[in-house]
Amino acid sequence: MTHFRDLIHPDTGTALISEWITGTPGRSRAAADAVIDEWAAGEKPSARLAQHMFLSTDGASLLFYAQWTSDEDHLAWARAHRSEIVSRIDALVPGIERPGLNRTRLHSSLTHDAGPHPGLFVVTTTTADEVEATVRPAPGLLAAHIHLTTDGHPTTDGGRAIVVTEWTDAASHDAAAATHATGALGFKRYTLHHSFPNGVAQRASSGT
């Protein structure tokens with residue numbers, strides 16, 4: 001599986017992180033296929049630089065990581081097109097829960113081991129004081145990518161951060177989570193399912 005750093009577009013003005021809760025692996029796959037079909041059939045928004053879709057390891061949800069030139073460009077597109085696209089997907093897979101969209105900026109990335117390819121990504125929502133605990137070196141932790149939400153800056157006013165970490169495998173993350181208790185608001189594990197750089201769907205490779 002590719003490194004997260006290889007998914008980052010250098011011209012990104014805003015990184016949008018959102019979750020779709022489907023409940024079952026079958027529904028997640030169906031929703032993912034519907035999204036792929038929508039992006040393949042529709043015209044690529046020029047302001048969308050890349051979008052990546054992740055599948056939770058329990059099969060119950062999808063995570064989207066979209067990179068746009070700016071929040072304003074995304075909002076203009078969303079007002080014109082989002083409801084129509086979502087309606088068609090919901091007709092195929094009814095009952096998808098969408099807790100909300102996080103508008104973020106990539107603040108920093110830390111690489112602990114650039115060699116191995118990750119076996120999974122862990123996405124953690126945390127508070128200001130706990131970012132350091134989330135990214136400290138641990139066996140199996142390859143890299144960490146800290147995103148600051150635009151509803152508050154973690155280092156100044158107690159805002160939230162969303163941290164994407166790369167791990168060699170689930171066992172390594174289990175061991176680290178058991179050893180270092182943190183104040184994280186929650187985490188989920190994902191594998192990369194599909195990427196849409198430049199509007200072209202690309203199936204994620206499971207190899208190295």
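Which residues does Met53 touch, not counting residues up to four places away in sequence? They are Ala32, Val35, Ile36, Leu62, Leu63, Phe64, Leu192, His193, His194 and Phe196. Touching here is contact, that is, heavy atoms within 4.5 Å.

## The model

This is a predicted model, where local features need pLDDT of at least 70 and side-chain atom pairs count only at pLDDT 80 or more, while totals for chains, interfaces and linings use all residues. Residues are numbered from 1 along each chain as its sequence is written, and side-chain values use heavy atoms, with hydrogens and water left out.

## The chain

The chain has four helices and nine strands. Both are DSSP runs numbered from the N terminus: helices are H or I with at least four residues, strands are E with at least two. Along the sequence the pattern reads β-α-β-β-α-β-β-α-β-β-α-β-β.

The chain has 208 residues, and 47% of them count as buried. Buried means under 20% relative accessible area, exposed over 50%, and partly exposed in between, with a 1.4 Å probe and protein chains only. Take the contacts in the chain with a separation of 6 or more: residues 24 or more positions apart account for 77% of them.

## Two cores

A nonpolar core is a set of buried Ala, Val, Leu, Ile, Met, Phe, Trp, Tyr and Cys residues joined through side-chain atoms within 4.5 Å. The largest one has 22 residues. Trp20, Val35, Met53, Leu62 and Ile89 have the most contacts inside it. At least two residues each come from β1, α1, β2 (48-56), β3 and α2. The largest share, six residues, is from α1. A second, separate core has 14 residues, including Met1, Leu7, Ile17 and Leu63.

## Helix α2

Helix α2 bends by about 50 degrees at His81. The bend is the angle between axes fitted to the seven residues ending there and the seven starting there. The buried residues of α2 are Asp71, His74, Trp77, Ala78, Ile85, Val86 and Ile89. They pack against β1, α1, β3 and β4 (101-111). An α-helix has 3.6 residues a turn, so residues three or four places apart point the same way.

## The largest pocket

Rolling a probe the size of a water molecule over the atoms shows where empty space is left. The search uses a 1 Å grid over the protein atoms alone: a cavity is a set of points where a 1.4 Å probe fits but cannot get out, a pocket is an open set with protein on both sides within 12 Å along at least five of seven lines, and lining residues have an atom within 4 Å of a point. Points are joined across faces, edges and corners, and a volume is the space filled by probe spheres set on them.

The largest pocket holds about 420 Å³ of space. It has 21 lining residues, and Ser18, Trp20, Gln51, Trp77 and Arg82 are the closest to its centre. Two or more lining residues come from each of β1 (14-21), α1 (25-41), β3 (61-68) and α2 (71-92). The largest share, seven residues, is from α2. The lining has 13 nonpolar, four polar and four charged residues. Here Ala, Val, Leu, Ile, Met, Phe, Trp, Tyr, Cys and Pro count as nonpolar, Asp, Glu, Lys and Arg as charged, and the others, Gly among them, as polar.

## One cavity

The whole structure has one cavity of 30 Å³ or more. The largest cavity holds about 40 Å³. Its lining is Phe4, Phe54, Leu63, Tyr65, Phe121, Val123, Val164 and Tyr190. The eight are nonpolar.
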